[in-house]
Amino acid sequence: MTRDEPREAPLNGWKEIASFFGKDQRTAKRWEATRGLPIHRVPGGNRASVFAYPSELEEWLRQGKDADEVATADDPVSEGSPDAESPTESVERPPAATSTLRSRRVLFLGLAVAALLLATPWAYRWWFDALHPPSVGEVLSQDLTAREAYLAANYELSLRTPAGLRDAAQLYGVAIARDPQFAAAHAGLAKAYALLAEYKVLPAAEAYPAARASARAALELDPRHAGAYAALGLIAFHADRDFAASRRLLERALALDPQSAETLHWLARTTVLTGDFNQAMAWITKAQELDADSRAIVSSKGQILYRAGELKSAARLLAQFATTAPEYAVPHFYLADIYLEQGRYDDAIRRGIEAARLSEDSALQRVYEAAHAGYHREGGKGMLEGMLAAQIELCRAGKVAAYRVARTLAKLDRREEAMAYLEQAVASNEPETVAMKVDPAFIRLRDDARFATLLVKVGHSPDFTGGSFASVDGSVTSATEVPR
């Protein structure tokens, strides 16, 4: 094509680009991240504003990636197929040395990767090394199939979706099976399991021990692997409730790799839960400077603003982010809470239902459906009463945490009942109790001696000197009023 010829019509947006290949949007995005799919972005727009030219996509296919290879390299099991994982299925932990590929989708992906790499091994080695330079202390495997699986796992992990986390764990397992000495893959598997627990895709009792074992395996192979220390720091905080040990491990990881956005991100996320909002914001800002495209970092920044009482700022950031990453559940989850406290009940219900759908949480779906019915009967208070009735029923069935019941009771100013459910949550070591010190729902309970006692049992100090619940924009005041 010459400069005088008209430019061909572009494919606008991920939907049109994915349709060009007959694939889904998630596959097209992964191909850009791991296979160099030629994607263009609108100058000055966000990363979701993309377009591509058909001729360039066809040329990409011709350069060693014919249609049959690309089809095989796609997710081997498509959404909704009989072989796709159900949301309730757990991820089996692959052995460290040898592993039978029990998942057809991972097996097919591994075979496709092997075929592609055998065809042009030196080209792929150069390309991956140039596009994904290793972090400090991280050495990529010389086995190209292991490397391909590892890089694909990193991408899946970054999505922070239930399917992405499951796929990441499986792909790290493929890398380990191909190269048992691949320390970075063991560290990646540790992170995947820690996040599978945190996102409630796997039970904490199953996921955290697997995460710890994988992190230790990484350190046995490479005693200075920063990512393994970071994973242990996350485990120490959420599984062990040893906040001091968590801080030491994460700071050691940061000392080994000062430019790790991931470690800075986890330092921010753990620090905010202890009430040190200023330090948490400093770390998350630095993390965002290092990795501006990370959806997890942007989401966590919104959560920090929410925990600090900056409801308007948090809502603005999270709503914008939810628009650019519509398949990510976390911003909808927090927006539901924020809108409820701001009295935006329709918006709160809508966001809650969307969070339930994206996180594959049927219990949360039932809670917000009950909230919707209650709201149309009696307004804001009816919404909370509807939520509460559904939560209590589901809590008795073991499907909703006592902590969530306590939050709703506290919003209704039923202090004694809220304290009783909080005591139950702490006694059961529910994961969410780690956030109780900075949870805006419990502002009214701060002066209760029993609440201070529970904070100590969780691992927190009973004082609130590390930060303030007061918001500079004044928006948190709505959280102290029972909806009418």
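Helix 21 buries Ala418, Met419, Tyr421, Leu422, Ala425 and Val426. Viewed down the helix axis, these buried residues fall within an arc of 165 degrees, so they line one face of helix 21. Glu416 and Ala427 are exposed on the other side of the helix. The cover over the buried residues includes helix 19 (362–396), helix 20 (402–411) and helix 22 (449–458).

This is a predicted model. Helix 21 has the highest mean pLDDT among the elements of the chain, at 96. Just after helix 21 comes asparagine 429, with a positive phi of about 55 degrees.

Further along is aspartate 448, in the loop between helix 21 and helix 22. Is aspartate 448 buried or exposed? Its relative accessible area is 11%, under the 20% cut-off, so aspartate 448 counts as buried. Leaving out residues up to four places away in sequence, aspartate 448 touches Arg415 and Met419. Met419 is one of the buried residues of helix 21.

Now take helix 17, residues 330–341. Its 12 residues should span 16 Å at 1.5 Å a residue, and the end C-alpha atoms are 17 Å apart, which agrees. How many of its residues are buried? The count is 11 of 12, and helix 17 is mostly covered. The buried residues include Val330, Pro331, His332, Tyr334 and Leu335. Also buried in helix 17 are Asp337 and Glu341. Covering these buried residues are elements that include helix 15 (295–307), helix 16 (311–324), helix 18 (345–358), helix 19 and helix 20. After helix 17 comes glycine 343, whose phi is positive, near 80 degrees.

Aromatic rings come next. The structure holds 10 aromatic pairs. In one of them, tyrosine 150 and tyrosine 172 have ring centres 5.9 Å apart and planes at 55 degrees, so the pair is tilted. This pair links distant parts of the chain. Tyrosine 150 belongs to helix 7 (residues 144–159) and tyrosine 172 to helix 8 (residues 162–178), 22 residues apart. Tyrosine 150 is buried, with a relative accessible area of 4%. Tyrosine 172 counts as buried too, at 1%. Phenylalanine 333 and tyrosine 334 form another aromatic pair, and this one is edge-to-face. The centres are 5.5 Å apart, with 75 degrees between the planes. Phenylalanine 333 has 27% relative accessibility, so it counts as partly exposed. Tyrosine 334 has 12%, so it counts as buried. Ring pairs also build a cluster, which links Tyr150, Tyr172 and Phe182.

What does the secondary structure of the whole chain come to? It comes to 22 helices and three strands. The three strands form an open sheet in the order 1-3-2, with antiparallel pairing. Strand 1 (11–12) and strand 2 (40–41) stand at the edges with a single partner strand each, so one side of each has no neighbour in the sheet. Strand 1 pairs with strand 3 (residues 50–52) in the antiparallel sense over two bridges. Asparagine 12 has phenylalanine 51, in strand 3, as its bridge partner.

Across the chain of 484 residues, 54% count as buried. Among contacts between residues at least 6 apart in sequence, 62% join residues at least 24 apart.

The mean pLDDT is 80, and 77% of the residues reach 70 or more. Helix 4 (residues 67–73) has the lowest mean pLDDT among the elements, at 40. Over residues 1–6 the pLDDT is below 50, and this stretch has three contacts in the model beyond near neighbours in sequence. Residues 115–132 also stay under 50. For that stretch the model has 28 contacts beyond four places in sequence. Where pLDDT is low, the predicted coordinates should not be read in detail.

Conventions: Residues numbered from 1 in each chain as written. Predicted model: local features only at pLDDT ≥ 70, side-chain atom pairs only at ≥ 80, totals over all residues. Heavy atoms only, no water. Buried < 20%, exposed > 50% of the residue type's maximum accessible area, 1.4 Å probe, protein only. Helix = DSSP H or I, 4+ residues; strand = E, 2+ residues; numbered from the N terminus. Arc of directions from axis to C-beta. Contact = heavy atoms within 4.5 Å. Pairing = 2+ DSSP bridges. pLDDT = per-residue confidence, 0-100. Expected span 1.5 Å × (residues − 1). Phe/Tyr/Trp six-rings, centres within 6.5 Å; stacked < 30°, edge-to-face > 60°.
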